[in-house]
Every structure is written in C-alpha cells, then in structure tokens.
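Here is a short tour for anyone who likes to check geometry by eye. Please keep the viewer open while you read.

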Amino acid sequence: MRIVFMGTPEVAAVSLARLLEGSDPVVGVVTQPDRAAGRGQTVIPSPVRQVAERHGIAVLTPEKMRDPAFLSALNHWAPQLIVVVAYGRILPRQILDLPALGCLNVHYSLLPKYRGAAPVAWAVVNGEEKSGVTTMQLVEKMDAGPTFLQREIPLASDETAGSLQAKLAPVGAALLMETIAKLKAGSLTPRAQDEQEATYAPMLKKEDGLIDWRLPAAAIERRVRGLSPWPSAYTQLDGKLLKIHRASVITGQPGATPGEVVRADKFALWIATGAAVLSLDEVQLENKKRLPAADFLRGAKIEKGARL
RNA sequence: CGCGGGGUGGAGCAGUCUGGCAGCUCGCAAGGCUCAUAACCUUGAGGUCCCGGGUUCAAAUCCCGGCCCCGCAA
C-alpha cells in the first residue's frame with residue numbers, strides 16, 4: 001500500500017521511523033518548511049524531514065496547502081493512504097479525499113477529550129489521571145473524525161509534558177502500525193465521536209506560562225509540569241523573568257498574600273499561593289542557567305517577604 | 001550578520017563603568033561549643049579571574065580576535 005506521511009516535530013518523526021520499518025512503501029513525506037529558528041536564526045529542518053532524508057524519501061514543504069504545484073505533486077505520488085501525525089496544518093477537503101483509504105491521524109489524547117494542538121500539555125495541566133493515543137479518520141473539523149483504535153496510559157504524579165510526550169510517542173507509533181494492519185484487513189470499525197464529550201486543548205501561548213499566584217499551589221505545580229519543557233511556567237522577580245522548572249506543594253496555610261516569599265534560606269524557596277505554599281525547587285532567572293533553588297538563593301539576594 | 005545577558009577557588013554570585021592586596025553567601029577540612037542539630041564560634045585548604053594577543057609601571061577590569069553557556073524572538 002502506497003503511503004504518504006505528513007508530520008513535523010519529533011513525536012511525528014518517531015511514527016515515521018516506525019512506519020519505515022514496515023512493509024508498506026512510504027512514497028513521500030510532507031512537512032513544514034524549514035524556518036529560521038533559535039538563537040542566531042539558523043535554519044533547521046524539521047525532525048520529520050531529517051528522518052525522511054536519511055531514508056532518501058522525497059519531501060515536500062508547501063507553504064500553502066492549496067498550492068497547485070504541491071497538490072499536483074501529491075496527486076502524482078498516488079497515495080492509497082495518507083498518515084498525518086502532528087503536521088501542524090488543517091488539510092483541505094481535496095487532500096482528505098485524495099487517498100482511497102482517506103487520511104489516518106494519530107492524536108495524542110483519548111478523543112473526544114482534548115481535541116486540538118496541545119493535548120499532551122493540557123492533560124498534565126489539568127491533572128488528568130490518564131491520557132493516551134487515538135487513531136482516527138481525518139475530517140474537515142479539527143480532530144472530530146470517527147475513531148479507530150485507542151490506547152490509554154496512566155500519568156505519573158511527577159509527569160511533565162515532555163515525559164508524557166516521550167511515553168506517548170512509541171505508543172502512537174505502535175498504534176499506527178496496528179491501525180494500518182487492520183485497515184488493510186478490513187477489520188476496523190470507525191466509531192463516531194460523542195460531540196457532547198468533546199473538550200479542546202488549544203495551542204500553547206507564551207502567556208499560558210505566566211503564573212497566577214492566587215491559584216492553589218497544586219494547580220500552579222501542575223502548570224509547571226504541563227508547560228515543561230516548553231514554554232515553561234514563569235513569574236516576575238524585580239522586573240526580570242524567572243522561569244520555574246520544578247516545584248512542589250507544601251501543604252498548610254500560606255500565611256501571607258499570594259506571591260509573597262514566605263521562606264528563603266539555604267535550603268528552600270517557598271511562595272504563598274491562593275491555597276497552600278509552593279516550593280520552587282528548580283528555577284532559572286533570565287540569561288542564567290537553570291538552578292536548584294538552593295544554588296539560586298546563594299547568589300540572588302531574596303528575602304522573606306519579597307513579592308513575585 | 002535578528003535583539004540581548006553571561007564565563008571569577010567545588011556551587012551560586014559581587015568586583016569590571018572609574019586599572020592598584022582575589023571578595024561575599026555556601027560547600028569542604030580541622031578544632032571548639034552543645035543532650036543534640038541542617039544551629040553557633042575559631043582556624044584552614046582550595047584560583048590559568050574561559051582562551052590567545054595588545055596597551056600599561058601595573059589588567060579580572062581597557063582594546064582586538066576566538067571558544068563556550070544562557071534569555072528574548074522564531
């Protein structure tokens with residue numbers, strides 16, 4: 001079966017690599033265009049592109065989905081199935097209808113929960129006890145198509161978006177292979193999603209990381225994990241950006257107004273929140289390295305009573 | 001050439017602008033105090049001030065070049 005793969009980040013590259021170990025030929029790969037990124041604005045190809053090129057597979061990087069040259073090339077590849085994993089763009093109907101078997105999507109949540117761009121991060125932020133992977137048929141409405149297979153995995157108590165992503169990537173790749181096999185065998189039963197149960201996980205914005213100290217410490221701590229490693233939870237300290245990479249909840253009364261430092265000694269940095277106290281365990285001041293709180297406190301002169 | 005901060009005993013930092021004894025908070029070692037302690041007191045060891053060149057009586061500090069780390073942005 002001729003397959004075209006569409007995807008962009010590392011998690012998609014894992015699925016592509018797994019797909020390439022299978023027997024179905026991947027006749028082409030579509031990924032986001034190389035963009036100047038990072039310090040110095042160097043141009044870095046997407047992880048999916050790197051895997052594709054390593055295997056000598058043709059790669060297309062259209063700026064626009066409706067670009068005639070792209071559509072023509074895609075059509076020429078004559079895919080019987082298009083596999084989409086975190087491609088980062090809505091596919092128009094003419095692409096959805098192109099392959100005989102349609103477009104198969106791997107989504108990193110238990111659909112219909114967490115439709116959208118950042119299901120992994122929001123599952124952690126919201127303190128879900130489980131997440132998972134769902135394979136589904138792509139339709140025009142985002143992540144709303146009928147589902148094929150689903151696999152659950154539990155979240156650890158110290159789960160971060162990064163660690164969860166790392167767990168889900170191979171699960172998704174395996175589920176993708178299983179779905180393709182059953183699709184070929186005709187033993188797959190699409191199931192319509194329950195629209196009443198649908199929730200959304202919008203793309204993360206930088207501002208999602210700004211900590212509101214009036215929230216309970218437990219909620220802030222989850223946000224720290226959910227936005228790790230990107231974009232990171234952060235607050236302001238003397239007008240400077242202070243990222244919080246790791247934190248823990250200290251139960252008890254905050255004993256001060258939210259955002260106030262209630263302890264700053266050579267062992268710990270504690271901040272009052274709307275409910276209980278948050279211990280900042282690993283932080284990073286702008287322009288500085290990330291540091292354990294104890295190391296950070298040695299150089300920064302932070303006193304009890306200071307405000308974040 | 002996208003914008004910007006930084007590299008100083010083992011850790012985190014000050015000192016650099018305005019050149020003049022290598023400093024602070026810790027850690028480590030030894031001793032003391034204490035029923036005891038992550039507490040307190042005394043003493044001590046530990047330095048290529050990122051690298052190379054230049055200016056100077058004198059460079060962590062000023063000038064030129066290089067390497068490395070980081071924040072923003074994307």
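Predicted model: local features only at pLDDT ≥ 70, side-chain atom pairs only at ≥ 80, totals over all residues.

Residues are numbered from 1 along each chain as its sequence is written, chains are lettered from A and ligands numbered from 1 in the order in which they are written, and side-chain values use heavy atoms, with hydrogens and water left out.

**The RNA surface**

Let us begin with RNA strand B. It is surrounded by 22 residues, and the closest are Arg39, Gln41, Phe267, Asn287 and Asp295 (near: a heavy atom of the residue lies within 4 Å of the strand). Of the RNA strand B atoms that come within 4 Å of the protein, 54% belong to sugar and phosphate.

Helices (H or I, at least four residues) and strands (E, at least two) are DSSP runs, numbered from the N terminus.

| Residue and atom | Atom of RNA strand B | Distance |
|---|---|---|
| Ala36, backbone N or O | sugar or linking oxygen | 3.0 Å |
| Gly38, polar backbone atom | base nitrogen | 3.1 Å |
| Asn287, side-chain N or O | base nitrogen | 2.7 Å |

**A helix pair**

Two packed helices are described by the angle between their axes and the distance between the axes. For helix H1 (residues 10-21) and helix H6 (residues 161-185), the angle is about 40° and the axes are 9 Å apart. Axes are lines fitted to C-alpha atoms, for helices over the stretch in contact, and angles run from 0 to 180 degrees between N-to-C directions. From H1, Val11, Val14, Ser15, Arg18 and Leu19 take part, meeting H6 residues that include Ala169, Leu176 and Ile180 (contact: heavy atoms within 4.5 Å). By class, the residues of this contact are nine nonpolar, three polar and one charged.

Which residue in strand S8 (residues 130-137) is looked at here? Thr134 lies in that strand and counts as buried because its relative accessibility is 0% (buried: under 20% relative accessible area, exposed over 50%, partly exposed in between; 1.4 Å probe, protein chains only). Its side chain reaches the backbone oxygen of Ser109 at 2.6 Å and makes a polar contact with the side chain of Gln150 at 2.8 Å.

Arg115 sits in the loop between strand S7 (103-107) and helix H5 (119-125). Arg115 is also buried, at 0% relative accessible area, and its side chain reaches the backbone oxygen of Asp143 at 3.3 Å.

Finally, Ala217 belongs to helix H7 (residues 217-226) and is buried, with a relative accessible area of 0%. Ala217 and Val249 are 32 residues apart in sequence, yet their C-alpha atoms are 5.9 Å apart.

Terms used:
Nonpolar A, V, L, I, M, F, W, Y, C, P; charged D, E, K, R; others polar. Polar contact = N/O pair within 3.5 Å; in protein donor to acceptor, adjacent residues only side chain to side chain.
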